[in-house]
Amino acid sequence: MRIIRGKYGRRRFSVPTNISARPTTDFARENIFNVIDNMIDLDGCDALDLFAGTGAISFEFLSRECRSVTAVEKAATQFRFIKTVAQQLNVNNLNLVKGDVFKFVETCDRKFDIIFADPPYDLPNFGEVPGLILGSDMLKEGTIVIIEHSKAYDFSSLPHFMEHRAYGSVNFSIFQINSTL
């Protein structure tokens, strides 16, 4: 895993071979962060990384000076890897949650500036994830929500949809919460 830019930019970490996550490709991650950087100044933002996997998205947020990052990951191997990398980087503004994303979203009332979700593509209820997030108490005016998905999904009919981006086989649906919340 490579952190692309920011204060931890160019740092590399060896991902365990038994990890079950499908990490966002460097190409797709670099491009979606270019989009994010043009939408919002991450310096001082509170970010949420759902289905954190290897933590690559969380560490990009941290590297780009987010005030805080909350990462939610259920799998023990991925959780331990994220924790190890955070310790190696001496990160103190990462809130790492080991648990079920659906329960977390259902009960969390903390507001975030940006929410990124990269559910496993084979998740049985994958199509429900964007609606669950968009209907949660974690949003405030201006919150950006990014869902990573395969080309099999089209979320353009959901409220607050802004745009769709595709980088190779990786697709992103981007939402921004407006004052009609």
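These questions and answers concern a predicted model and the reasons behind some of the terms applied to its residues.

Q: What makes the pair Asp26 and Arg29 a salt bridge?
A: The cut-off is 4 Å between a side-chain nitrogen of Lys or Arg and a carboxyl oxygen of Asp or Glu. The closest N and O atoms of Asp26 and Arg29 are 2.5 Å apart, so the pair meets the definition. Both residues lie in helix α1, three residues apart, about one turn of the helix.

Q: Why is the pair Arg110 and Asp46 said to tie together parts that are apart in sequence?
A: The side chains of Arg110 and Asp46 meet in a salt bridge with an N to O distance of 3.4 Å, within the 4 Å limit. Arg110 lies in the loop between α4 and β4, and Asp46 in strand β1, so the bridge joins parts 64 residues apart in sequence. Arg110 is partly exposed at 32%, whereas Asp46, at 10%, counts as buried.

Q: Which class of accessibility do Arg64 and Glu60 fall into?
A: Arg64 has a relative accessible area of 10% and Glu60 has 0%. The limit for buried is under 20%, so both values qualify. Their side chains meet in a salt bridge at 3.1 Å, N to O. Arg64 and Glu60 also belong to a network of salt bridges whose members include Arg2, Arg5 and Asp37.

Q: What makes Gly127 partly exposed?
A: Gly127 has 42% relative accessibility, which falls between 20% and 50%, so the class is partly exposed. Gly127 lies in the loop between β4 and α5. Leaving aside neighbours within four places in sequence, Gly127 is in contact with Tyr153 and Phe155.

Q: Which residues touch the most other members of the largest nonpolar core?
A: They are Phe59, Phe61, Leu94 and Ile146, in a core of 39 residues. Helix α3 gives the most to this core, with six residues. Phe59 touches residues including Ile82, Val85, Ala86 and Leu89, not counting those up to four places away in sequence.

Methods
Residues numbered from 1 in each chain as written. Predicted model: local features only at pLDDT ≥ 70, side-chain atom pairs only at ≥ 80, totals over all residues. Heavy atoms only, no water. Core = buried A, V, L, I, M, F, W, Y, C linked by side-chain atoms within 4.5 Å. Buried < 20%, exposed > 50% of the residue type's maximum accessible area, 1.4 Å probe, protein only. Helix = DSSP H or I, 4+ residues; strand = E, 2+ residues; numbered from the N terminus. Contact = heavy atoms within 4.5 Å.
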